[in-house]
Amino acid sequence: MKQIILADHDPQWHHFAKLIGAVSWPAGKYLANEMIAHHFLDWERVIVLTDGDQLVGFCAIVKEDIVKASGYSPFTGYVFVSEAYRGRHLSEQLVTIAESQLTQVGFRKAYIVTKHIGLYEKFGYQQIGTSVDQMGRKMRLLEKELK
């Protein structure tokens, strides 16, 4: 398993945008479109896990996630693991890499917006509220103090 941390304008940026856009989860297509349009700040990153030439999973560290103008930032978002690789704690690996990247650029807290209950709590996140996302869905807002 190889991990790759991509910044906008990385030589592999568009290659991975295409792979991310082809996953089964609709948010992958949204993230891919954001990548292709270069809607990323200098500190924002896309983190991918690969197994040979297979895209195994990905996530992104971004200023805003699907809940806009929340007053919170930064977010670890778009966490996805391919169906064939689930059950191997890879989402935890992705979130841990994201947290490390965030601490490297000076952030002391990280946020996640999700409908999942129990997954991110295992990684130390705590719910601090709820919000409505861009599609009108009620989402949980989670926070974690970074070390």
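Residue D42 is located in the loop that connects α2 to β2 (45-51), where helices (H or I, at least four residues) and strands (E, at least two) are DSSP runs numbered from the N terminus. D42 counts as exposed because its relative accessibility is 68%; buried means under 20% relative accessible area, exposed over 50%, and partly exposed in between (1.4 Å probe, protein chains only). A distance of 28 Å separates the C-alpha atoms of D42 and G129, which are 87 residues apart along the chain. The model is a predicted one, in which local features need pLDDT of at least 70 and side-chain atom pairs count only at pLDDT 80 or more, while totals for chains, interfaces and linings use all residues. Residues are numbered from 1 along each chain as its sequence is written, and side-chain values use heavy atoms, with hydrogens and water left out.

Three helices and seven strands make up the secondary structure of the chain, in the order β-α-α-β-β-β-α-β-β-β from the N terminus on. The C-alpha trace spans about 40 × 30 × 30 Å along its principal axes. Of the 147 residues, 46% count as buried. Among contacts (heavy atoms within 4.5 Å) with a separation of 6 or more, 56% come from residues 24 or more positions apart.

Volume is the space filled by probe spheres set on the points, which are joined across faces, edges and corners. The largest pocket has a volume of about 890 Å³. Its lining comprises 33 residues, with W25, V79, T114, H116 and Y120 nearest the centre. Two or more lining residues come from each of α2 (26-36), β4 (75-81), α3 (90-104) and β5 (109-114), and β4 gives the most, six.

The second largest pocket holds about 180 Å³ of space. Residues lining this second pocket include Y30, L31, E34, H39, F40 and Y78. Here α2 gives the most, with three residues.

Definitions and conventions:
1 Å grid on protein atoms, 1.4 Å probe; cavity = no way out; pocket = protein on both sides within 12 Å on 5 of 7 lines; lining within 4 Å.
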